[in-house]
Amino acid sequence: IMENNNNNNNNKGLKLGSTIDKFAICYNESGQLLTTIDIEALEFNCEESETIDLVIVIDKSGSMAQTIELVKSTTYFIIEKLRENDNLAIVSFDNNATLELPLINLNEQNKL
C-alpha cells in the first residue's frame, strides 16, 4: 500500500493499494495477469475541495470487446460521483484517438 499524505495539508491525499487475492486474479487468453487495484481518497470535505478536471480515456479496440460493458458502467459510475463544479472530457482510442466529449462543466443539464 502506498500513501501520499502531505502533513501541511491536513493529511489529505491518495491511498493506492493492491492485494493479491486468489479469487481476484486470473490470466486472460494472452497470458496477461489481471488483478484489481483499489484507489481510495483519504477523508476530506467535499465542499472545500477544488474543482476536478477529469479526462476519461477509453480503449475501444478489439481487445476490449468482452469488457466494454464494464467500462461503460464504470464510466457512468464515475460521472455520477462528480460534482456540478467539476469538468469532464472523454477520449476514446483504437488505432487513433478521438475526442468524444470536449472538456465541459458538469452542471445539472450537462450531466444528463
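Reader: Why is Thr75 called buried?

Author: Keep in mind that this is a predicted model. Thr75 has a relative accessibility of 10%, and buried means under 20%, so Thr75 gets that label.

Reader: Where does Thr75 sit, and what does Thr75 touch?

Author: Thr75 belongs to helix α1, residues 68-81. Leaving aside residues up to four places away in sequence, Thr75 touches Ile56 and Ile58. A polar atom of the Thr75 side chain also lies 2.8 Å from the backbone oxygen of Val71.

Reader: What makes Phe93 partly exposed?

Author: The relative accessibility of Phe93 is 32%.

Reader: What about β6 and β7, parallel or antiparallel?

Author: β6 and β7 are parallel, with 7 bridges. Again, at least two bridges are needed for a pair. The bridge partner of Asp59 in β7 is Phe93.

Reader: What makes Glu100 and Lys60 a salt bridge?

Author: The cut-off is within 4 Å, from a side-chain nitrogen of Lys or Arg to a carboxyl oxygen of Asp or Glu. For Glu100 and Lys60 the closest N and O atoms are 3.6 Å apart, and the pair forms a salt bridge. The pair links distant parts of the chain, with Glu100 in strand β8 and Lys60 in the loop between β6 (53-59) and α1, 40 residues apart. As background, side chains of opposite charge can pair when their charged atoms come close.

Reader: Why are Glu100 and Lys60 both labelled partly exposed?

Author: Glu100 has a relative accessibility of 43%, so Glu100 counts as partly exposed. Lys60 has a relative accessible area of 41%, so Lys60 is partly exposed too. Exposed would take over 50%.

Reader: How many salt bridges does the structure hold?

Author: There are 3. One of them joins Glu69 and Lys72, with the closest N and O atoms 3.5 Å apart. Another is between the side chains of Arg83 and Asp86, at 2.9 Å from N to O, and both of those residues are buried.

Reader: Why are Glu69 and Lys72 about one helical turn apart?

Author: Because they are 3 residues apart in helix α1, about one helical turn separates them.

Reader: Why does Glu69 count as exposed, while Lys72 is partly exposed?

Author: Exposed means over 50%. Glu69 is at 53% relative accessibility, so Glu69 counts as exposed. Lys72 has a relative accessible area of 41%, so Lys72 is partly exposed.

Reader: What makes Asp53 exposed?

Author: Asp53, in strand β6, has 53% relative accessibility, so Asp53 counts as exposed. The cut-off is over 50%.

Reader: How do you know that Asp53 and Asn87 make a polar contact?

Author: The limit is within 3.5 Å, and the contact between the side chains of Asp53 and Asn87 is 2.7 Å. Not counting residues up to four places away in sequence, Asp53 touches Asn87 and Leu103. Asp53 and Ala89 are 36 residues apart in sequence, with 8.0 Å between their C-alpha atoms.

Reader: And the whole chain, how many helices and strands does the chain have?

Author: The chain has 2 helices and 8 strands, in the order β-β-β-β-β-β-α-β-β-α. Of the 112 residues, 15% count as buried.

Conventions:
Residues are numbered from 1 along each chain as its sequence is written. This is a predicted model: local features need pLDDT of at least 70, side-chain atom pairs count only at pLDDT 80 or more; totals for chains, interfaces and linings use all residues. Side-chain values use heavy atoms; hydrogens and water are left out. Helices (H or I, at least four residues) and strands (E, at least two) are DSSP runs, numbered from the N terminus. Buried means under 20% relative accessible area, exposed over 50%, partly exposed in between (1.4 Å probe, protein chains only). A polar contact is a pair of N or O atoms within 3.5 Å; within protein, one must be able to donate a hydrogen and the other to accept it, and residues adjacent in sequence count only if both atoms are side-chain atoms. Contact means heavy atoms within 4.5 Å.
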